[in-house]
Amino acid sequence: MKRPYTPQELNRLHSVLYELLGEAARVCDKHGIDYFLIGGTAIGALYDQAILPWDDDVDIGMTRPHYERFLQVAPAELGKDYFLSWTGTDPHTPYYYAKLKKRNTLFVEGLFRNVPMHQGIYIDILPFDRVPHNRMLHKAQRGLVNFLKCCLMGKETWLWKHFGHCQTDTPTSRGPLPCLLNRLVDTCFSKHRIYRMMVAAQTAFNKRDTRYWSNIVTTTDYILTDELKHLQTVKFGPLSVKAPASLETFLRRNYPRLHRFDEEEQRQVAGHHPEQLSFDTTSTEQPSAYRTI
């Protein structure tokens, strides 16, 4: 069981997440970059018009052209309190997508406690690419992208029990053959090359006129091309931000059993639960420690 947040910690974390989302939205609005709420963030927007009371992250998506534009302009546009983390600015990040982080904060997760990357409180910014109509093609694409995602991660930390020293107490479920292939790719190619191979796999169908866009890695973030043409503005806590048109329709497509989790259900869902949490590393405040018990 993981140690839960105190109500005070979670409220303060939500305030920082709103701050980060507001800064991302400001940059996007200034440069005509489209973004949209996804995942649990979109569910919060539907039911509470806010971050769900027990949630501890914020996720937004951008189609690939807008995502690449954001990576290009954001570093110079962001306020001094913010840092855009992706492989181009944070070389040791194990993630394939970008994170907007707040400087002088700590949000250290157990899996990546030893990775020498920026460890601040963050929101996730995920690229979306076109999905082929053929299901077998899409399944193959998703499988390749997920494999390369593990290879990218494996360059920084090994999370599996085969062919390497596992750096977590609970190795993820993965067979010997994928681990061996992962190790071979990590040995033969640089991290930059693996990242470029992954982007090539993600964007393989972007020149086709397909019906859906997705972040490819998951099966819960499909958005219609028509929904992207008519993004709506929704209330989200103190902010007004962009979401897919027909938000409930979008969510029910991806979550057929969509409903607002109660607190007991949420306890069964793995949250981030950082091992260290600090809202201001420049003060005398001591980071709150989280440990698996």
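This report looks at ring pairs, a strand pair, salt bridges and a surface patch in a predicted model.

Residues are numbered from 1 along each chain as its sequence is written, and side-chain values use heavy atoms, without hydrogens and water. Because the model is predicted, local features need pLDDT of at least 70 and side-chain atom pairs count only at pLDDT 80 or more, while totals for chains, interfaces and linings use all residues.

**Aromatic rings**

A pair of aromatic rings is described by the distance of the centres and the angle of the planes. Rings of Phe, Tyr and Trp (its six-membered ring) pair if their centres lie within 6.5 Å; planes under 30 degrees apart are stacked, over 60 edge-to-face, and the rest tilted. The count by this rule is 9 aromatic pairs. In one of them, W86 and Y195 have ring centres 6.3 Å apart and planes at 50°, so the pair is tilted. W86 lies in the loop between β3 (82-85) and β4 (98-102), and Y195 lies in helix α6 (residues 191-202), so the pair ties together parts 109 residues apart in sequence. Helices (H or I, at least four residues) and strands (E, at least two) are DSSP runs, numbered from the N terminus.

Are W86 and Y195 buried or exposed? Both are buried. Buried means under 20% relative accessible area, exposed over 50%, and partly exposed in between (1.4 Å probe, protein chains only).

W158 and W160 form an edge-to-face pair, because their ring centres are 4.7 Å apart and their planes stand at 85°. W158 is buried at 3% relative accessibility. W160 is buried at 3% as well. The charged end of R174 sits over the ring of W160, 4.7 Å from its centre. K99 lies over the face of Y122, 3.4 Å from the ring centre. For this, NZ of Lys or CZ of Arg must be within 6 Å of the ring centre and within 35 degrees of the ring normal. Ring pairs also link Y95, Y96, Y97 and F112 into a cluster.

**Strand β3**

In a regular strand the side chains alternate between the two faces of the sheet. Both faces of β3 are covered: Y82 and L84 on one side, F83 and S85 on the other, all buried. β3 pairs with β4 in the antiparallel sense over 4 bridges. Strands pair if DSSP finds at least two bridges between them. L84 stands opposite L100 in β4.

**Salt bridges**

How many salt bridges does the structure hold? There are 13. Each has a side-chain nitrogen of Lys or Arg within 4 Å of a carboxyl oxygen of Asp or Glu. The table gives three of them.

| Pair | Closest N to O |
|---|---|
| K191 and E156 | 3.0 Å |
| D226 and K229 | 3.9 Å |

K191 counts as buried at 13% relative accessibility. E156 is buried too, at 19%. D226 and K229 lie in helix α7 (residues 225-229), 3 residues apart, about one turn of the helix. Both are exposed. R253 lies in helix α8 (residues 247-254) and E227 in helix α7, so their bridge ties together parts 26 residues apart in sequence. R253 is partly exposed at 27%, whereas E227 is buried at 6%. R64, E68 and D129 are linked in a network of salt bridges.
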